[in-house]
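Please read the points below next to the sequence and the model. They are notes for a colleague, taken one topic at a time.

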Amino acid sequence: MFAGVLLHSKTRKLHTNAKNKIMIDQNFNSLSSEPKIYKKWEESGAFKPSDAANAEAFSMVIPPPNVTGSLHLGHALNNTLQDILARFERMRGKSVLWQPGLDHAGIATQMVVERQLAEAKNNESRASLGRDEFVKRVWDWKATSGGTINNQLRRLGASCDWSRERFTMDEGLSAAVRKVFVQLHKEGLIYRDKRLVNWDPYFETAVSDLEVVNEEKDGHFWHFKYPLENGETYEFPIAFDDEGQPTEFEVRDYISIATTRPETMLGDGAVAVNPKDARYAPIIGKKCLLPLADRYIPIITDEYPDPDFGSGAVKITGAHDFNDYKVAKKHNIPLYILLDSKAKMLDAEYIPSKYRGLDRFEARKQIVSDIDERGLLITVENKKIMQPLGDRSGVVIEPMLTDQWYVDAQKLAIPAIEAVKSGEVRFSPDSWKETYFQWMENIEPWCVSRQLWWGHRIPAWYDETGNIFVEDTKEAAQEAANNFHSKPVIISQDTDVLDTWFSSGLWPFSTMGWPEQTPELAKFYPTTTLVTMFDIIFFWVARMMMMGIHFTGKAPFKNVIIHSRVVDEFGKKMSKSKGNIIDPVPLIDEYGADALRFSLAIAAGPGRDIRMSPKRVEGYRNFSTKLWNAARFCQMNECMASETYTPTCAKHTLNKWIISQIGRATHDVEKAIINHRFDEAASAIYSLIWAVFCDWYLELIKPILNGDDEEAKSETRETAAWALDAILKLLHPFMPFVTEELWEKTAEFTPKRENLLISESWPRIDNSLQNEDAESEIGWVIDIISGIRSLRAETNIPAGAKIPAVMVGANQYTRNLLEKYQNEIDRLARLDYSTSSDEMPKGAVSFVLDEAIIALPLTGILDVAAEKTRLQKEISRCETEAAKINGKLANPQFVERAPENVIEEQKNRLADYQNEQLKYQNVLAKLDEI
């Protein structure tokens with residue numbers, strides 16, 4: 001008792017001093033406070049790995065954003081999840097390296113600088129400047145304008161070790177790229193070949209699949225006749241019986257093909273039909289005339305054509321279609337290249353002269369017209385087609401047969417597949433490993449060359465006769481060429497650069513100093529976790545796996561977390577064309593980074609898209625405000641941390657309850673983060689703060705804080721302060737700014753904090769503090785108050801009306817609980833009084849709570865008849881509105897014509913009316929029982 005009095009006297013003294021100090025501000029000003037807090041973190045060295053000898057290593061590499069990039073919601077989600085892990089593991093005492101950096105973004109960066117040159121109107125262009133000067137201009141742009149996204153990541157709160165920032169074209173990473181290319185070439189795993197690639201006619205370069213956007217467009221299916229050689233004819237079935245047997249035939253002297261790209265017909269090398277398609281059996285092995293080109297091509301069989309699609313016959317244009325290319329290679333069919341690098345018809349002898357030099361789309365019009373003039377156009381079918389467009393250029397991508405450099409991905413994939421099968425690398429969710437296997441087990445050669453100027457120039461040199469010398473430097477290549485020819489020769493370097501995914505594939509180990517055996521490489525490689533989205537499993541994850549294992553002997557990471565994508569509030573993918581892109585930076589400006597981070601994390605469940613809207617972010621800003629107000633309440637009521645307080649000493653049931661609740665929440669949050677269930681962790685914190693701490697604990701302790709029991713008051717103040725500190729620690733990885741601010745503000749009148757919150761330890765709460773009795777007791781109090789509140793609202797009892805509550809049929813233990821917490825129950829449930837009875841009062845509505853019935857007598861409080869009438873009117877209204885919406889949704893014209901978001905809105909409104917109606921019906925049923 002004496003110690004308690006002394007402790008309380010100390011608290012009172014602190015409170016007296018506090019009167020002359022500034023209390024916690026009324027609101028948290030995120031716009032002004034967040035930059036200051038971030039500066040404190042960075043200046044403190046908190047982002048750097050701990051050098052403690054016994055600290056376990058935890059490392060991640062940031063998926064390097066483009067140097068041209070700006071923060072979008074995908075970046076915000078990805079980096080929020082990484083930052084949660086980094087802050088969590090730091091607090092758990094690990095030495096955390098979160099490696100930042102930027103990708104040089106070949107096409108995107110070159111486009112930006114070329115556009116700047118055009119806008120300057122100085123008659124300068126990439127061509128006029130020449131390669132060396134243009135590349136110098138790009139470096140100048142990078143120095144002055146590149147890396148905007150890094151500053152935006154700072155605004156998000158990303159706690160990367162910025163002192164280690166890398167760039168995929170910095171000196172060290174460039175050296176690693178050259179070494180990898182040269183070694184792979186010497187091992188026979190990089191080679192030059194002529195194969196089909198995605199070709200962007202605007203940039204005049206090959207592009208990866210990720211740089212191709214497939215959009216649905218209005219198009220056409222042109223059906224042509226290819227006449228059979230020597231006037232051959234056959235009977236073609238045109239009618240069938242119920243069993244699919246032909247019943248009627250027509251004589252044809254042609255084979256019908258259909259195409260969405262008529263200009264490519266000039267490059268046809270064959271027509272293929274399925275060997276099981278009996279319709280064409282009589283003409284298999286025959287030849288048909290290729291109109292306009294006036295050459296004969298064979299009719300062959302292959303499993304590729306689908307007998308049920310179109311005419312079932314497919315023209316094989318091996319040099320301009322990926323599927324056709326495979327068929328052509330399989331059957332040794334000639335490949336006719338039709339287009340130049342700008343997608344204009346070539347000046348080639350196999351192309352009629354009238355089409356040479358025409359743009360591909362102009363050639364299309366002319367070819368269709370000429371086919372029609374010859375009487376060989378059967379029909380033109382309007383059809384929706386998937387159009388491949390360059391994501392940067394916006395022009396139609398063309399499959400092109402070109403000379404490129406390739407990596408033998410099939411061989412490199414073998415150990416990368418085994419690393420996942422053996423469990424050395426784990427995907428989360430686990431189901432994504434099947435996607436990985438499916439792609440890796442069917443992997444094609446990887447085209448790594450690009451016809452650009454910005455990027456890692458391929459370290460290959462050619463002599464005048466075309467011999468290739470691949471070396472790390474020009475001097476080494478010159479020496480190799482001289483030795484090959486036994487005399488000095490002239491060599492020139494390959495003009496192509498490497499695909500940006502090539503250097504990104506080395507990212508986990510090149511950023512740590514490889515090929516040098518650095519201390520960072522020894523400590524942090526393999527990295528612990530990679531966080532990325534499903535759409536780059538093929539393009540980045542798989543390539544890092546192949547490169548990492550081949551060059552270090554170890555997989556580059558142990559865990560791969562695949563997160564969902566962010567869509568708009570109606571579930572639609574965001575795109576500029578739809579006008580539904582949400583820029584995260586204005587959201588941070590208006591609601592703060594914490595609100596954006598939490599709204600993303602709490603929705604980041606596996607296997608589902610994250611629907612995002614400003615309203616959602618605003619909601620979690622309100623959550624932050626709720627915590628802020630709770631901290632102000634604690635400070636105003638002298639709830640201040642004490643150096644001597646330990647939760648094991650708590651005596652009051654309410655304090656034992658909150659300690660137990662925080663212990664459970666700490667365990668749940670920790671387990672969820674370890675299992676990469678960020679949504680579950682965020683939900684557990686949200687529930688703890690909003691429902692447990694703010695709505696119940698702080699409300700239930702008010703009588704203690706305002707009462708005369710000084711010992712209980714002192715214990716409660718210190719418990720509340722301890723609980724708030726624990727909450728700030730639990731929430732910090734998710735909402736780092738507001739928690740850091742409150743960590744500082746709540747310590748203004750107590751012993752000085754030793755650390756910033758970012759450097760504090762994760763809460764460690766002993767299992768012995770779990771108190772089932774306290775949880776059961778306070779849980780009952782919450783249930784009875786919540787039940788009474790719900791019943792009041794359902795039955796439309798005026799909010800200000802003080803009513804009685806009668807507990808019927810309770811056992812003695814429950815009666816004692818009611819007596820013990822009667823004041824709290826009456827106050828929070830807005831009751832005139834509460835009592836126990838063995839008889840049910842007349843004219844009461846009720847609900848069941850454990851073994852008892854809680855009854856609210858309505859006599860003199862509510863006009864039951866009038867209320868029943870009101871409820872019946874509300875039920876009728878809901879039925880009417882629901883019927884209107886059902887009518888709309890049952891109308892095929894409405895469903896076909898209305899935008900999807902409108903249909904989704906109607907469905908949501910229907911569900912709302914149906915739920916509202918059910919609620920009124922349930923209340924009406926209760927009133928009918930009176």
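1. Gly553 comes directly after helix H17 and has a positive phi, near 80 degrees. Helices (H or I, at least four residues) and strands (E, at least two) are DSSP runs, numbered from the N terminus.

2. Residues are numbered from 1 along each chain as its sequence is written, and side-chain values use heavy atoms, with hydrogens and water left out.

3. Confidence is given as pLDDT, the predictor's confidence in each residue, from 0 to 100. The protein has a mean pLDDT of 92, with 97% of its residues at 70 or more. Over residues 1–20 pLDDT stays under 50, and the model has 23 contacts for them beyond four places in sequence. A contact means heavy atoms within 4.5 Å. Where pLDDT is low, the predicted coordinates should not be read in detail.

4. On the overall build, the protein has 31 helices and 31 strands. Its C-alpha atoms fill a box of roughly 110 × 75 × 55 Å along the principal axes. Of the 930 residues, 53% are buried. Among contacts between residues at least 6 apart in sequence, 78% join residues at least 24 apart.

5. Helix H28 (residues 822–829) has Glu824, Ile825, Asp826, Leu828 and Ala829 buried. Their cover includes helices H22 (678–700), H23 (702–705), H26 (772–794) and H27 (812–820), and strand S29 (831–837). Arg830 follows H28 with a positive phi, near 55 degrees.

6. The largest nonpolar core has 161 residues, and Phe693 and Phe734 have the most contacts inside it. H22 gives the most to this core, with 14 residues. Such a core is a set of buried Ala, Val, Leu, Ile, Met, Phe, Trp, Tyr and Cys residues joined through side-chain atoms within 4.5 Å. Beyond four places in sequence, the contacts of Phe734 include Ile84, Asp594, Arg597, Phe598 and Ile685. A second, separate core of 60 residues includes Leu412, Tyr462, Leu506 and Phe557.

7. Helix H20 (residues 614–636) holds Ser624 and also Ala630. Ser624 counts as buried because its relative accessibility is 10%; outside four places in sequence, Ser624 touches Met735 and Val738. Ala630 is buried at a relative accessible area of 4%. Leaving out residues up to four places away, Ala630 touches Phe693, Cys694 and Leu698. The C-alpha atoms of Ala630 and Phe693 are separated by 8.5 Å, although these residues are 63 apart along the chain.

8. Which residues form a nonpolar patch on the surface? They are Met840, Val848 and Ile853, with about 250 Å² of accessible area together. Accessible areas come from the Shrake-Rupley method with a 1.4 Å probe; for residues, only the protein chains shown count as cover. Met840, in the loop between S29 and strand S30 (844–849), is partly exposed, with a relative accessible area of 38%.

Definitions and conventions
Buried < 20%, exposed > 50% of the residue type's maximum accessible area, 1.4 Å probe, protein only. Patch = residues over 30% accessible without salt bridge, like charges linked within 9 Å, V, L, I, M, F, W, Y side chains within 5 Å. Salt bridge = Lys/Arg side-chain N within 4 Å of Asp/Glu carboxyl O.
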